[in-house]
Amino acid sequence: MKWNVLDADQDLVREYMDKLNINEIMARVFINRGVDYETAHVLLNDPVRAIQDPKLLINVEQAAAEIIEAIENNAEVWVFADYDVDGITSGFVMTDFLRKTTNNNVYVYYPDRENGYGLNMDFCKMMVQRKAEEGLEHMLVITVDNGTSCLEEVQFLKDNGIQIVVTDHHKPKAVLPNCTVVNPHIDNDSVYHHLCGCATAFKTVQVIQDMVGMSKDYVSQYLFAVAFGTVADVMPMTPENVALVKLGLEQVNSKSCPKALKYFKGYIGKKDLNANDIGWEVGPRLNACGRMGDIDKGAMLLFMDNDDSRTDIMDVIIEIEELNQERKSLTKKAEKEMEKIDYSQDYVCIFDASEYPGGIAGIIAGRMAEKYNKISLVMSGNDVLVGSARAPQGFDLQVILGAELKKGNLLTFGGHEMAAGFSVHVDKIEDLKASLNQTLKVVYDELSTVETEEPTLDIDCEIDLDCLNKIVYQSINEMPYDKNSFPSPVFALPNLKIVKWKTSKNNENNICFTVQDMNGKQMDIWAWRQGENFKALGEPEFIDLAGRVEQNFMNKSQYTLNVMDIRSSIAKENKRAV
């Protein structure tokens, strides 16, 4: 792997440091990502200014008007959400807002993963039956974080006298449902393509708030939920998304933090949360509820209020943690089973996870895609199997699975370029496998004829061991990051003398270095999955390490480098941030 140490102009670095009152590392982070001074100032000091006009979101005013009209007609309202963090938070924002601001009966419905992604016909039939049995004149269904691809279900509701509004952020297919659809991706204008499902729901209630003359600050109470959804759904960190996450984190770390979340932070050992905590601590726990078939537990945490007792709140938190631990255990077991299968002769990895909860399919598929660098499908069920697909970088599941849908090998599919959900009839699995192998063989054959350059690792700057501390860690994590538009900072520790090293008893590819930098400071640094790399280098006496500054997993009061690459040191003068 090539290392590219980014060379920010030193005068500009000084200017950012002085005017923004930030350290050299963060000055370089902003400059290296092309963030101009004014934008950096807004994001650091006045993020509200980065929040764009909600009325720029396509169809949002029409949707808001329809929701308001239904409310005025005393309609019973059902919010149909999704089972991941973005879906949980979307359902919470829309439902809680309408409950608190109207006298209507407002219900939220979180589907089971076994029903597959999106508005389903069982729910629609339940709504039609309820409308008839209760003698309801007006009923409104609002989808959040789903619905764009549900043409048949939407039409069924409308044909039976039930009004529906779709709010979503998933890429649409060629035909849209016959209703008002609030989805930034149905418009070529990319102004809001960065929104997650929760942010789309948030923008919608913002417009409702404005149209009925409420205080413009009322819906700001939901910013923490938008932050959770944005980070957990791995959305691009555009200036607005950075602002939404920062404002949400400020809220959850302030006195106005909801009571249940205060206890939740304490339970996971966090006085304050940062974006990294959402991704690695909060998100997995909430997602575990949907994965393990108890989605309501995760949602319940958000809906609890200051009137709920500490005992009741802690009971929910402990149940969420138990679900998460069970999810981890079953995932490890499934991974061991997956590793017994020989995928060397296939261009696609298919794994039957019927003996496991369907909710862990996405995790297993992700691990398979990473391990084998192949499109991976994990599914479970009987006659109709429901599953998750993951793709390595450079493959588009929208195109690949879309073709299989047209061939009749899939019943349904939906999602993003690198992650999707699908359903397939059991009799079609072999056809699906053969078709994908044929399609992907062509793709891989084409790739094999193209000369690929050695991957490059961009490094923000070189640092010393002294920089692995709480101050640097906290300053870095004042900002949320993504994989492409605003990537997490990477640093190099150059010219480290190896005092000693050892490998893990459980995995020789995990190696712990006791290193000493040029200032004489020593530290132990674990380099996960780097043992083979180190030996291939000839076990040099001096090395350079590249990676990200993180908390030490064994001692959260200490900080370390999460090593991404290792190379032999080359004596040279280094520009460092110290």
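1. Two strands count as paired here if DSSP finds at least two bridges between them. Keep that in mind for S9 (residues 384-390) and S11 (residues 419-425): 7 bridges join them, and the two strands run antiparallel. If you want a spot to look at, Ala389 stands opposite Ala420 in S11. Bear in mind that this is a predicted model.

2. Zooming out to the sheet: it is open, has 5 strands in the order S7-S8-S9-S11-S10, and its pairing is mixed. The edges are taken by S7 (348-352) and S10 (412-415); each has a single partner strand, so one side of each is left without a neighbour in the sheet. On average, neighbouring strands are turned by 20 degrees against each other, ignoring direction.

3. What packs on this sheet? Helix H16 (residues 397-407) does, touching S8 (375-381), S9, S10 and S11. The direction of H16 makes about 170 degrees with that of S10.

4. Now the helix pair, earlier in the chain. Two packed helices are described by the angle between their axes and the distance between the axes. For H13 (residues 295-303) and H14 (residues 310-338), the angle is about 145 degrees and the axes are 10 Å apart. The crossing of H13 and H14 is left-handed.

5. As for who makes that contact, H13 brings Lys297, Gly298, Met300 and Leu301, while H14 brings Val316, Ile317, Glu319, Ile320 and Leu323. By type, the residues of the H13 contact with H14 split into 6 nonpolar, 1 polar and 2 charged.

Key. Residues numbered from 1 in each chain as written. Predicted model: local features only at pLDDT ≥ 70, side-chain atom pairs only at ≥ 80, totals over all residues. Heavy atoms only, no water. Axes fitted to C-alpha atoms, helices over the stretch in contact; angles between N-to-C directions. Helix = DSSP H or I, 4+ residues; strand = E, 2+ residues; numbered from the N terminus. Left-handed = near helix turned anticlockwise from the far one by under 90°. Contact = heavy atoms within 4.5 Å. Nonpolar A, V, L, I, M, F, W, Y, C, P; charged D, E, K, R; others polar.
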